[in-house]
Amino acid sequence: MKAFLAGAATATAMIAIVTGIGGYIWLTADEGGSDTATETTFAAVARSDALPDVKTHNKIFEKRIEEPIPGVHVAIGYGLANVIVIDAPEGLILIDTLESIRAAEGLAPWLDKMRENTGKPVTDVIYTHNHADHVFGAGVLLEGQDHVPRIWTQAETEARVNEVVGILSPITFKRAMRMFGTYLPDENFENNGIGPRLLSNHSDGFDFIPPTDVIDDYAEVTMAGENLILMHAPGETGDQLAIYLPGRSLLLPADNYYHAFPNLYTVRGTPYRDPRKWAHSLDMMSGLGAETMIPHHSQPVMGADEIHKRLTDYRDAIQFVYDETIRMINAGLTPDEIAERIELPPHLANAPYLKELYGRVDFAAKAVFSGTLGWFSGDPADLRPPTPGRQAQLMADLAGGNDALFAAGEASLADGDAGWALILGSQLQRLDDDRAAALRAAAMRELAARETASSVRNYFLTSAAEADGFTLPLASISASPDRMLNGIPIDRFLGILTTNVDVPAVVDKSLSYGFEFTDAQNYTIRIHRGVAYLEDGLADDNVGRLTTTTDVFRAIAVQRRNPAKVLVAGEMQVTGSIAGLTTFLGYFNPPLQEN
Ligand SMILES: [Zn+2]
């Protein structure tokens with residue numbers, strides 16, 4: 001093998017490297033979508049004027065800064081989540097940082113004023129958990145000071161944040177954008193259930209600063225002369241940190257309490273959120289006897305009795321759903337049958353802070369089913385059903401053909417049964433019937449008009465627009481600073497490659513290629529008969545090797561740097577031939593996207 005130097009590389013080979021590395025990462029350049037939906041796409045959407053609870057809920061998120069107790073400031077409505085700043089004796093403690101550079105820029109002037117008025121820098125930052133709306137504005141909020149703060153998280157948080165780059169990113173981004181109604185015009189939008197509106201879309205930048213100090217289960221720490229207790233409190237996520245300030249009798253429950261039924265399942269898709277752990281964390285928090293509670297969504301709660309009552313009701317609602325679901329599972333009911341029957345007792349269902357404005361009780365029950373028993377409902381009819389396409393054809397045949405199926409769909413819609421109309425529309429879509437899209441869109445808008453849970457309403461409205469021709473953009477990291485990108489472990493990028501191996505091209509192949517990083521661990525990607533996997537280190541049988549730094553590799557992967565220029569500059573070497581590298585990279589496809 002001969003070492004290959006840059007200047008000799010052909011343009012074709014360079015293009016192959018760009019698509020070979022960059023094309024596989026979901027963070028590709030903006031393409032395939034528009035920034036905002038056109039007016040015509042969304043013209044038919046009605047606001048949910050028939051839903052008074054939703055209207056009342058909007059008021060909770062009106063943009064403001066509150067100071068519920070002296071020295072504790074809460075910024076509400078600047079993004080999806082709240083930001084809490086504690087004016088401690090020797091500095092400011094910043095708890096959570098909003099969802100994007102754009103959101104954080106809206107709050108930064110206020111924080112600058114806080115520094116100026118108090119004469120104190122932010123000495124400590126705490127991320128309560130990994131979700132975007134709590135971590136991605138950090139760099140912006142810290143720009144106004146020279147002091148380098150400590151940054152605290154639960155031990156799992158950083159790895160979860162890095163999942164912003166990952167094998168499921170193409171679909172979770174799209175589902176999140178639907179659920180948050182990101183591209184809905186204002187006149188069709190109400191709220192996000194736990195906040196006014198997520199300020200993050202495909203073109204927003206993220207600025208996460210990695211933690212310096214991590215907590216496993218429990219820690220009593222002093223920050224800026226203030227005593228805090230940090231407690232691992234798994235609930236909405238497995239890495240939640242609840243925070244208690246004994247000197248102020250102040251509890252910050254993170255996202256384990258907010259003014260809506262908890263999102264035990266989220267329609268954008270996440271791993272199982274175990275209700276027993278969430279209930280346990282609520283018990284732990286209510287046992288503290290706090291006199292002030294400031295959640296990271298919705299608004300502060302005052303008074304020990306009121307806080308205790310709410311945390312107890314919240315945990316009761318969560319445990320009720322779990323226990324009731326388990327009882328019905330044991331009685332042999334399927335997920336859909338359980339969803340039909342489950343209902344909170346009236347004292348919980350009528351509590352204003354448990355209304356189904358974000359999570360839904362029936363969705364939570366289905367999540368408990370799949371979290372405990374997996375996908376099989378128990379009904380043998382679900383074991384080996386006809387394929388979706390054949391079921392559509394059989395249903396059309398039963399109805400008397402496509403025209404009759406379509407007529408039944410329209411009739412259902414007119415009769416107020418939009419759920420059935422949507423099912424019939426989806427069957428027609430499988431049969432490539434031109435009338436399917438309009439029927440589906442009309443059915444989804446009708447369902448949205450009656451829906452109180454923001455995540456479901458927005459999902460329907462965005463999907464309706466898609467049925468009408470709106471295309472969701474692809475995610476992009478192009479607006480995020482290098483420091484954000486460079487914090488992401490290199491194996492996440494290589495893992496996207498292996499997941500997207502071109503199976504037909506390699507089903508008879510067995511070979512390996514080396515990725516040598518001068519500043520980090522080396523890897524081999526091995527292809528073995530249709531499967532590709534990542535191995536630690538370089539292997540003796542590598543057919544070639546790419547040598548560079550992790551920062552350069554990441555920059556090429558997200559198309560921030562041109563590999564030809566990188567080669568010319570000597571920042572990347574290829575051992576073996578460029579043709580060998582391009583052949584190897586040609587064995588991987590860009591991730592499939594929904595169409
Ligand atoms: Zn949140």
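**View 1. The C-alpha centres of domain 1 and domain 3 lie 37 Å apart.** The contact between them takes twelve residues from domain 1 and ten residues from domain 3, two residues being in contact if their C-beta atoms, placed from the backbone, lie within 7 Å. On the side of domain 1 that touches domain 3, helix α20 (residues 490–499) gives the most, with five residues; helices (H or I, at least four residues) and strands (E, at least two) are DSSP runs, numbered from the N terminus. The chain is divided into domain 1 (3–29 + 484–585), domain 2 (39–44 + 385–467) and domain 3 (61–312), with bounds that come from an automatic or database domain assignment. The model is predicted, so that local features need pLDDT of at least 70 and side-chain atom pairs count only at pLDDT 80 or more, whereas totals for chains, interfaces and linings use all residues. Residues are numbered from 1 along each chain as its sequence is written.

**View 2. The whole chain, with its secondary structure of 24 helices and 19 strands.** Along its principal axes the C-alpha trace spans about 75 × 75 × 50 Å. Of the 595 residues in the chain, 49% are buried, a residue being buried if 20 or more other C-beta atoms, placed from the backbone, lie within 10 Å of its own, exposed if 12 or fewer, and partly exposed in between. Among contacts between residues at least 6 apart in sequence, 74% join residues at least 24 apart.

**View 3. An open sheet of seven strands with mixed pairing.** The strand order is β2-β3-β4-β5-β6-β7-β8, and two strands pair if DSSP finds at least two bridges between them. Because β2 (64–69) and β8 (213–215) stand at the edges, each with a single partner strand, one side of each is left without a neighbour in the sheet. From one strand to the next the twist averages 20 degrees, with axes fitted as lines to C-alpha atoms and angles running from 0 to 180 degrees between N-to-C directions. Strands β2 and β3 (residues 72–76) run antiparallel and are joined by four bridges, with I69 standing opposite V72 in β3.

**View 4. The region of residues 80–297, which carries the UniProt annotation "domain: Metallo-beta-lactamase" (unreviewed entry).** Over residues 80–297 the chain is 25% helix and 22% strand, and the end C-alpha atoms are 7 Å apart.

**View 5. Residues L98 and H131, with C-alpha atoms separated by 9.6 Å although the two are 33 residues apart along the chain.** L98 is found in the loop between β5 (91–95) and α4 (101–118), has a positive phi of about 75 degrees although it is not a glycine, and counts as buried because it has 31 C-beta neighbours inside 10 Å. H131 lies in the loop between β6 (122–126) and α5 (132–135) and, with 24 C-beta neighbours inside 10 Å, also counts as buried.

**View 6. R529 in the loop between β16 (523–528) and β17 (531–536).** Most residues other than glycine have a negative phi. R529, although not a glycine, has a positive phi of about 50 degrees, and R529 counts as exposed because it has 10 C-beta neighbours inside 10 Å.

Terms used: UniProt positions renumbered as here; feature names shortened; annotations may be inferred.
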